[in-house]
Structure formats: structure tokens, C-alpha cells
Amino acid sequence: MKSTDNSGVDIDHLISQAEGQIDRQLLTGYGESGLFSTGHLSDRPFYELLSVNEVPHYLFASTKRAPTIDGQPQRDSLGGYRAITAATNDRILYAVGGSDGDITGEIEYDEIDETDMIDVGSLLRSKPALLVETTDQEYRFYGANVADQHSLLNFIREQIASVYESKTRKHIADAQEAVSDGDLSRAADQIDTARECFGGASEWRELITQDADQQELDAEIDSLAGRLSASRTVQSVLKDAQEIIEDGDAAFKNGDINEASASYKKGYTCLD
């Protein structure tokens, strides 16, 4: 879990930054559970789990079902506490209250392979649950607001796409540096990785209902690939010219002036 230091946080300001509707009591409630208690968690309020500058854009809770990991519930019974889940600007964060202490966990956006909203429960009383799949595990989070489910899902997909786009920009910058340094092998590797990350971002963007302009990022990768190709061509020409001129030097040392002159002319022609 990320380190937190949210003592003295302005709850009203935190709520105002959220994209979705945030229940203040879900952020602040903790203590003993009970019929009229606001003790949603037992150890500390949910907002204290947030890292500095982290905003819970979507927040929901279940009073009956704890999140499951590979089908196994984090608690068999909530006993009057809450299982709270947040989609923040950094990650998916959850806490499950209990008299023996809270269970907390997180999923970083770059860990997510698939995510969707699914219906759980009976046919007549189905409710949405957030499904998240990583390489190793499947998570299900319960209590999502029916009205917010599509906005929640698009928000998560947007964050995942943004992570891939950030990685793309990093690899583009690394490739540019490698080209400038003349390290064309490293530049090629960075461009290939940038293309992979860009492909990941594009796949997630296709799932989002809103359009996003990625032409600029794609053009940067193509431009870099062009620079790399040009640099490789220049290096190849320089290598050929150097070898021809070295042949001329050898001929000159052996007294073969005509051969030396022909080699020098051929070498300079390569550079023309």
C-alpha cells in the first residue's frame, strides 16, 4: 500500500474534486458497528488510506458482501461494517471493515488486463458488480451504484489508457535520447516498446464511449522511426566510406598510387 499522510485533509475540497457523487460518510465513518452507527470501518476512516493528492473519483460500498478474489470473499460476514471500494486517479483501493481490524488492498491501473460491470444476484434482483482481472487474479467488488456503473467503468478504462500513454511518452523520450547518443540498437528497442504501449492505450480507448485524439502520439513514434532509419542509413554509408578510404590508405602505403586515388574518389563519392 502507498504511504499516506492525510491528517488535516479538507474533506469538502476532496469531495469537490471527484468526478462522481461521493458519500461523505463513506469517506469519514469509522468506529464500532451498530444499527445506527457510522462505523463503516473499524481502524480509521477511508480517506486516511488515500495518498497525498489522491482523489476518490468514484466511491461505493456494500453492507452485505465483501470483495472476492478468485471467488473467495475477503470476509464471510461484514457484521455491520462496510466493504468500501474507490476508483481514484492512482488505483482501485478497497477496505473491508471488521471488529478484528480492517482488510485493505489495492490494484494499480497498469496491473489490469480486463475490467467490466457484471450483474450478480437473482434474475429479478440483480445488482452490478465491478469485475477486475489481472494477470494472476480475478476481483469482484460489490455495491456499485446502478446509475454510475457506466461512468465508473469508463473512468477506470480512461485511467488505464492514460497509464499506457504515459509509458509511451517515456519510451519515446528514451528513444530520442538514444538516437541523439548514436545508440541505434537501444533506440530501436525503445521505439518497439513505445509502439506496444501505444497499442495498449489504443485498445483501451476503443472501449471508452468518448473519443480521444491519439494522432499526435502516433505521429511522434512514426517520426522517431524515420529518424532512426535515417541514422542507420548514415551510419551504414559512413562505415562503407571508411572501409574504402582505409583500402586507399593501404594501397598508398604499398606505392600503388592509382589504386589509392581510385579508392579515395570512391570513398568521397559515398559521402557526396
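In this predicted model, rings of Phe, Tyr and Trp (its six-membered ring) pair if their centres lie within 6.5 Å.

Q: How many aromatic pairs does the count come to by this rule?
A: Rings are counted as a pair if their centres lie within 6.5 Å. By this rule, the number of aromatic pairs is three.

Q: Is the aromatic pair of Tyr 58 and Phe 155 stacked or tilted?
A: The ring centres of Tyr 58 and Phe 155 are 5.6 Å apart, with 55 degrees between the planes. The pair links distant parts of the chain, with Tyr 58 in strand E1 (residues 56-62) and Phe 155 in helix H3, 97 residues apart. Planes under 30 degrees apart count as stacked and those over 60 as edge-to-face, so the remaining class applies. The pair of Tyr 58 and Phe 155 is therefore tilted.

Q: Is Phe 141 buried or exposed?
A: Phe 141 forms an aromatic pair with Tyr 139, at 6.0 Å centre to centre and 5 degrees between the planes. Buried means under 20% relative accessible area. The relative accessible area of Phe 141 is 0%, so Phe 141 is buried.

Q: Which residue stands opposite Arg 91 in E6?
A: Strand E5 (residues 91-96) runs antiparallel to strand E6 (residues 103-108), and six bridges join them. In E6, the residue opposite Arg 91 is Glu 108.

Q: Is H3 roughly parallel or roughly antiparallel to H4?
A: The axes of helix H3 (residues 149-181) and helix H4 (residues 184-206) come within 8 Å and cross at roughly 165 degrees. Angles over 145 degrees count as roughly antiparallel. The crossing angle therefore makes H3, relative to H4, roughly antiparallel.

How values were computed. Residues numbered from 1 in each chain as written. Predicted model: local features only at pLDDT ≥ 70, side-chain atom pairs only at ≥ 80, totals over all residues. Heavy atoms only, no water. Pairing = 2+ DSSP bridges. Helix = DSSP H or I, 4+ residues; strand = E, 2+ residues; numbered from the N terminus. Axes fitted to C-alpha atoms, helices over the stretch in contact; angles between N-to-C directions. Parallel < 35°, antiparallel > 145°, perpendicular 65-115°, else oblique. Buried < 20%, exposed > 50% of the residue type's maximum accessible area, 1.4 Å probe, protein only.
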